[in-house]
Amino acid sequence: MRVYYSDVEIFEPLSEQTFPLTARLQLNIEVNGMNGLTRIWKREWPLHFMLIPGLFLVLLFSYVPMAGIIMAFQKYVPNKGLFGSPFIGMKNFQLLIDYPDIGRIFFNTMFIAVMKIAAGLFVPITIAILLNELRREWIKRTFQTLVYLPHFMSWVLLSGILVDILSPSSGIFNQVLGWFGVKPIFFLGSNDWFPYVMVASDVWKEFGFGTIVYLAALTSINPSLYEAAAMDGAGRIKQTFYVTLPGMMPIIVLMLTLNIGNVLNAGFEQIFNLYSPPVYESADIIDTFVYRMGVQQAQFGFATAVGLLKSIVSFLFVSLSYVLAYRLANYRIF
Amino acid sequence: MITDRSLGRRVFIAGNFTFLFLISFLCLMPIMHILAISFSSGAAAAAGKVSLWPVDFTTAAYDNVFGKPEYLRAFWVSIQRVLLGTALSMALMIVTAYPLSKDPRQFRLRTFYAWVFVFTILFSGGLIPTYLTVKNLGMIDTLWALVLPTAIPVFNVILLLNFYRNLPKELEESSRIDGAGHFKTLWKIYVPLSLPALATTGLFTVVGHWNSWFDGMLYMNHTENYPLQTFLQTVIIKMDFRFIKAEQAELMVKLSDRTSRAAQIFVAAFPILIVYPFLQRFFIKGIVMGSVKE
């Protein structure tokens with residue numbers, strides 16, 4: 001008969017007090033005729049086995065590309081490959097620093113991303129509080145279902161819709177503005193408007209989805225807190241500021257810290273589908289720049305260098321955000 | 001709760017309702033506008049007469065779209081990638097999350113393995129090295145390029161493993177005592193109990209695959225391999241005729257007039273419009289579960 005360590009643990013007849021660890025190991029070895037490692041392997045091999053396909057795919061599609069980063073230090077020539085291309089040290093990075101538009105590209109990225117983070121926090125919280133004030137459950141649910149509809153559509157479709165709606169000649173948005181005597185504005189073709197249109201349309205797409213988490217936090221606030229506040233003479237507005245918001249604070253802090261990792265993600269899919277050469281000045285972000293350099297102009301080494309810089313900075317921000325989320329909101333990834 | 005029926009309160013309730021109604025309308029309006037355009041005549045649409053209701057009702061745009069083999073073929077590629085991609089991702093997710101949900105005492109290398117997966121969220125090789133990897137594997141212009149690189153969704157694995165961990169330990173222990181191994185425990189205990197979490201992640205995988213267009217553009221050299229969203233990206237947004245042969249150019253012009261564009265957008269959005277309201281019960285539970293942990 002085989003007695004496994006795990007079985008012993010379940011029944012716990014041999015606790016630490018009655019049998020010290022060495023004695024238990026001794027017992028196991030005698031019963032099974034195996035040493036410790038073999039026994040662990042016997043017990044755990046199915047768990048290793050289950051991870052094989054996942055690990056294989058992660059190695060192939062995440063870790064192998066990470067090795068491809070050495071291209072950033074090469075003058076990469078496609079038909080010579082990674083091993084045949086000559087190394088040129090930090091030249092790609094020098095090129096990057098000397099590139100005239102690079103400062104603007106980093107500025108655009110962070111400008112759009114930070115505005116998106118701020119608006120993406122403020123709007124869903126406000127809407128969640130307002131939705132929570134609705135008394136009829138079915139009205140609340142209907143509104144909720146409608147507001148996160150855009151979240152489920154791709155930026156390709158939404159861009160098609162936005163281009164149509166915002167068109168200066170026939171778009172419905174400019175027609176409505178026309179009623180108020182505003183001259184047609186070419187929202188997607190003007191450097192003054194473009195970044196703000198990106199932020200507004202991103203908020204429009206994502207705010208409904210964002211309300212889900214905040215609504216859940218709202219419903220878990222103890223109702224007796226509101227009653228106590230009302231007894232103390234707090235009106236609705238004071239209740240919102242002194243009961244609702246503090247009750248939501250942990251989840252707000254969590255969402256904010258997790259979003260810090262996104263400061264270099266200004267939204268490639270959205271901007272790529274909506275921008276055009278006339279607005280590159282205000283619209284070009286790191287990801288679109290990497291795409292144009294790498295895929296369209298085949299400057300693999302240079303594009304990889306730009307991408308690497310972004311990956312490193314993002315890595316620092318994402319790590320920081322997880323550390324902060326752990327410290328401030330006790331959030332753990334796994 | 002103390003009910004308040006003062007005038008101020010009533011004004012607030014009415015104002016709040018109106019405001020939220022307008023906000024909801026703002027989210028629905030663009031789709032309704034596109035739908036109205038798609039059912040209007042080309043002349044009315046071009047003149048900007050259409051708002052939320054079709055003008056000179058006609059289904060010509062839809063006849064046009066459904067009569068084109070290019071659109072239908074792209075639709076079919078999308079269906080294939082959704083089916084294959086979702087099946088693969090779900091299977092991988094279920095088996096990957098199980099070992100990672102174990103306590104390190106039960107599975108010694110668990111923390112190490114978990115970091116191997118989590119690190120891929122924190123850091124990536126970037127666009128170009130990933131593209132070259134897929135290319136070197138000979139997957140360009142195959143369905144595998146759309147399915148395999150994203151087959152293991154690490155975020156969903158984390159969501160599922162946290163769900164597994166909240167299941168009562170006693171269930172697993174009793175199944176182990178009854179002689180079931182890890183595989184049987186996973187299949188007979190964990191999978192049936194985690195159906196809400198699986199429905200959530202499954203929905204997101206389906207929507208993700210359906211909406212994905214960039215990988216199609218990156219990995220497909222021939223337009224006939226484009227999934228629907230990539231096809232629409234080139235036809236509707238970029239109006240890119242570079243890949244189109246001369247005899248197809250006329251068709252492309254037809255497909256890119258305003259009513260046809262609207263019809264194509266609506267047809268591509270339609271599957272999602274019908275699926276998502278039904279699954280909302282599941283996914284609200286799932287999202288909240290994944291983001292707010294004890």
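A salt bridge is a side-chain nitrogen of Lys or Arg lying within 4 Å of a carboxyl oxygen of Asp or Glu, and by this rule 3 salt bridges are found across the interface of chain B and chain A. The model shown in all the views is a predicted one.

**View 1. The interface of chain B and chain A buries about 9,000 Å².** On one side of this contact stand 102 residues of chain B, and on the other stand 92 residues of chain A. Carbon and sulfur atoms give 76% of the area that is buried between chain B and chain A. Polar contacts are also present, for the rule finds 12 residue pairs of this kind across the interface of chain B and chain A, with both residues at pLDDT 80 or more. On the side of chain B that touches chain A, α1(B) provides the largest share, with 17 residues. Sorted by class, that side of chain B has 72 nonpolar residues, together with 19 polar and 11 charged ones.

**View 2. The side chains of R108(B) and E44(A) meet in a salt bridge.** Which distance separates the two side chains, taken from N to O? The value for R108(B) and E44(A) is 3.8 Å, and this pair counts as a salt bridge because the cut-off is 4 Å.

**View 3. Chain A is a chain of helices, with 16 helices and 0 strands.** Chain A has 334 residues, and 49% of them count as buried. When the contacts in chain A between residues at least 6 apart in sequence are considered, 63% of these contacts join residues that are at least 24 apart.

View 4. The division of chain A places residues 5-73 in domain 1 and residues 92-329 in domain 2. How many residues of each domain take part in the contact? Domain 1 of chain A brings 5 residues, which are in contact with 7 residues of domain 2 of chain A. The side of domain 1 of chain A that touches domain 2 has 4 nonpolar residues, 1 polar residue and no charged residues.

**View 5. Domain 1 and domain 2 of chain B bury about 820 Å² between them.** In chain B the domain assignment gives residues 7-58 to domain 1 and residues 62-291 to domain 2. Their contact takes 12 residues from domain 1 of chain B and 8 residues from domain 2 of chain B. Carbon and sulfur atoms give 78% of the area buried between these two domains of chain B. Here too the salt bridges between the domains of chain B number 0, and the rule finds 1 residue pair in polar contact across the interface, with both residues at pLDDT 80 or more. On the side of domain 1 of chain B that touches domain 2, α1 (7-38) and α2 (42-46) of chain B each supply at least two residues, and the largest share, 6 residues, comes from α1(B). The residues of that side of domain 1 of chain B divide by class into 6 nonpolar, 6 polar and no charged.

Notes
Residues numbered from 1 in each chain as written. Chains lettered and ligands numbered in written order. Predicted model: local features only at pLDDT ≥ 70, side-chain atom pairs only at ≥ 80, totals over all residues. Heavy atoms only, no water. Domains from an automatic or database assignment. Contact = heavy atoms within 4.5 Å. Buried area = accessible area lost by both parts, 1.4 Å probe. Polar contact = N/O pair within 3.5 Å; in protein donor to acceptor, adjacent residues only side chain to side chain. Helix = DSSP H or I, 4+ residues; strand = E, 2+ residues; numbered from the N terminus. Nonpolar A, V, L, I, M, F, W, Y, C, P; charged D, E, K, R; others polar. Buried < 20%, exposed > 50% of the residue type's maximum accessible area, 1.4 Å probe, protein only.
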